[in-house]
Amino acid sequence: MVELPDELANRPTRKPGQEPTARLTLEAYERLKAELNEFMTTGRETIALRLKVAREHGDLRENAEYDTAKNDQGLMESKIRKLQHLLRDPDIVETPADADAVGPGMLVTVRPLDDDDPEDETYLLAEHAEEKAPGARTVTITSPFGSALMGAATGEEVVYEAPGGNFRYVVVGFAPLSS
């Protein structure tokens, strides 16, 4: 069982029918919490300084630096709201220790079958796009590729349909994401 931080361990129980705001590993929760803190402190201060400097350049109607800073501020505030929502009441899930088939929280190595010179690619199969692993791209279980990988075994061929056509891969191997 994962030991939860105090803010999660002491939260009120959910009402019947209330869904968690996200399903995250403890590592993802802590990383996102640090990212949120960074945005709300240093990020906001940096944007405020950029806006102040841009305002000093004069007429705001034709000030590209000001427009860019305002756009960046809007994107950052949107990211802050998204992170606040994710971190409000998440389910903290454990990375699977061992499995016979691919599932959430696993690093999956695949080889494209339709490439002339295929190179192995590693993906983190995650329940949420905010999950990350060093050296791996994140694919969610709800994406076409992630859905195709769910339940696959080593050596098994997976096919998924995307706007560019059907893509075929063979599962080279998989392992739990280690903490």
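Glu157 is partly exposed, at 41% relative accessibility (buried means under 20% relative accessible area, exposed over 50%, partly exposed in between; 1.4 Å probe, protein chains only). The model is predicted, so local features need pLDDT of at least 70 and side-chain atom pairs count only at pLDDT 80 or more, while totals for chains, interfaces and linings use all residues. Residues are numbered from 1 along each chain as its sequence is written, and side-chain values use heavy atoms, with hydrogens and water left out.

The side chain of Glu157 forms a salt bridge with that of Arg168 (3.1 Å, N to O). A salt bridge here is a side-chain nitrogen of Lys or Arg within 4 Å of a carboxyl oxygen of Asp or Glu. Arg168 is partly exposed, at 32%.

The salt bridges number 15 by this rule. Arg11 pairs with Asp89, with 3.1 Å between the closest N and O atoms. Arg11 lies in the loop between helix 1 (6-9) and strand 1 (23-24), and Asp89 in the loop between helix 3 (64-88) and strand 2 (91-92), so the bridge ties together parts 78 residues apart in sequence. Helices (H or I, at least four residues) and strands (E, at least two) are DSSP runs, numbered from the N terminus. Arg11 is partly exposed, at 25%. Asp89 is buried, at 9%.

Leu36 belongs to helix 2 (residues 26-55). Leu36 is buried, with a relative accessible area of 11%. Its contacts include Ile80, Leu83, Gln84 and Leu87, leaving aside residues up to four places away in sequence; contact means heavy atoms within 4.5 Å.
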